[in-house]
Amino acid sequence: MVSNNNIQVIAVASGKGGAGKTTISANLASALTQKGRAVMLLDADLGMANVDVLMNVHSRCNLSHVLEGKCALEETIIQGPNGLMIVPAASGVQRMAQLSAQEHAGLINAFNDLPHKIDTLIIDTAAGINHSVTNFCQAANEVLIVICDEPTSITDSYGLIKVLNQDYGIHRFHMLANQVDRAQDGQQLYQRVLNATDRFLHVDIEYLGAIPRDVYLRRSNQAQRLVTLKYPNSQSARAFDRIASEIATWSAPDSLSGGIDFFTERRINQITHA
Ligand SMILES: Nc1ncnc2c1ncn2[C@@H]1O[C@H](COP(=O)(O)OP(=O)(O)OP(=O)(O)O)[C@@H](O)[C@H]1O
Ligand SMILES: [Mg+2]
């Protein structure tokens, strides 16, 4: 097994559906890969996966086969562009959206035995605040909340932050505004969330910036290609590149174990006893 000390694990979540989690996870993963990072992208929208569709990649095995014992986690990994490693989930498999805490912990623990050299793991989570989302966020070192300019996006992201803070002990978050028409709109959205969190919660939310609403991004998604690769000079691709540069400066956590420090023992225990 290759030693994967100090792996940076980033969960991307939003509460609200359709905010842009999958688009952002995949393009940030790609942008970080282009910066020389060894990146794995995990589709943690377990029952309604779509990273593989977005990137037009295919695998014989996905995470549902791993849960059924039919495949090893290693066999699910797809080699994406520039060496990006993709772990696909199942689409239209209801049971995968209803895993027990033990099944989540077992699945996540399997990452500890992967032989691959990885320095960044990006987790695309599902919409909502069910246990799958909160478990993956708890497992991560950093939680990136995606917001967009809709009232329900503000309330849902507040709701998610509240649950992660009060029930899962997470204090630090990053926030990314998506589909904004002007940069200052993103800043205002962030401020609206802060107005609520500052009053009622003890959390630290850092603003990472905004991804513009971009017709090239939509076009790329429709063509099942990443905008960062298909239109690298588009506004959204440049924003992804900027944000990836910022993420690359984050210090990696200290790791005590020799494997991927995805879920430490402590975190697995918290999940299985939740
Ligand atoms: N910056 C953007 N500019 C234009 N279109 C965008 C942008 N970001 C996302 N979209 C579009 O918004 C839609 C939702 O995006 P995406 O699937 O990434 O969201 P999601 O949060 O993963 O959704 P779900 O909650 O269903 O998993 C897609 O059609 C995507 O093409
Ligand atoms: Mg998604």
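**Exercise 1. Check the length of helix α8 in this predicted model.**

Solution. Step 1: helix α8 covers residues 183-200, which is 18 residues.

**Exercise 2. Find which residues of α8 are buried and what they pack against.**

Solution. Step 1: the buried residues of α8 are Gly186, Leu189, Tyr190, Val193 and Thr197. Step 2: an α-helix has 3.6 residues a turn, so residues three or four places apart point the same way. Step 3: the buried residues of α8 pack against β6 (142-148), α7 (151-166), β7 and β8 (204-212).

**Exercise 3. Repeat both steps for helix α7.**

Solution. Step 1: α7 has 16 residues, for which 22 Å is expected at 1.5 Å a residue. From first C-alpha to last, α7 reaches 23 Å, close to that value. Step 2: its buried residues are Ser153, Ile154, Asp156, Ser157, Tyr158, Leu160, Ile161 and Leu164. Step 3: these buried residues pack against β1 (8-13), α6 (131-139), β6, β7 and α8.

**Exercise 4. Decide whether Gln179 and Gln224 are buried or partly exposed, and describe the phi angle of each.**

Solution. Step 1: locate the residues. Gln179 is in strand β7, and Gln224 is in the loop between α9 and α10. Step 2: apply the cut-off, which calls a residue buried if 20 or more other C-beta atoms lie within 10 Å of its own. Gln179 has 24 C-beta neighbours inside 10 Å, so Gln179 counts as buried. Gln224 has 13 other C-beta atoms within 10 Å and is therefore partly exposed. Step 3: look at phi. For Gln179 phi is near 60 degrees, a positive value in a residue other than glycine. Gln224, also not a glycine, has a positive phi of about 55 degrees.

**Exercise 5. Describe the surroundings of Val227.**

Solution. Step 1: Val227 lies in helix α10 (residues 227-230). Step 2: Val227 is buried because 28 other C-beta atoms lie within 10 Å. Step 3: leaving aside neighbours within four places in sequence, Val227 is in contact with Asn27, Tyr216, Leu217, Ser220, Ser234, Ser236 and Ala237. Step 4: compare sequence and space. Val227 and Gly20 are 207 residues apart in sequence, but their C-alpha atoms are 13 Å apart in space.

**Exercise 6. Describe the shell around ligand 1.**

Solution. Step 1: the shell has 19 residues, of which Gly17, Lys21, Thr22, Thr23 and Ala127 come nearest. Step 2: α1 (21-34), β7 (172-180) and α9 (215-222) each supply at least two residues of this shell. Step 3: sorted by class, the shell has four nonpolar, 10 polar and five charged residues.

Technical notes
Residues numbered from 1 in each chain as written. Chains lettered and ligands numbered in written order. Predicted model: local features only at pLDDT ≥ 70, side-chain atom pairs only at ≥ 80, totals over all residues. Helix = DSSP H or I, 4+ residues; strand = E, 2+ residues; numbered from the N terminus. Buried ≥ 20, exposed ≤ 12 C-beta atoms within 10 Å, placed from the backbone. Contact = placed C-beta atoms within 7 Å. Near = placed C-beta within 6 Å. Nonpolar A, V, L, I, M, F, W, Y, C, P; charged D, E, K, R; others polar. Expected span 1.5 Å × (residues − 1).
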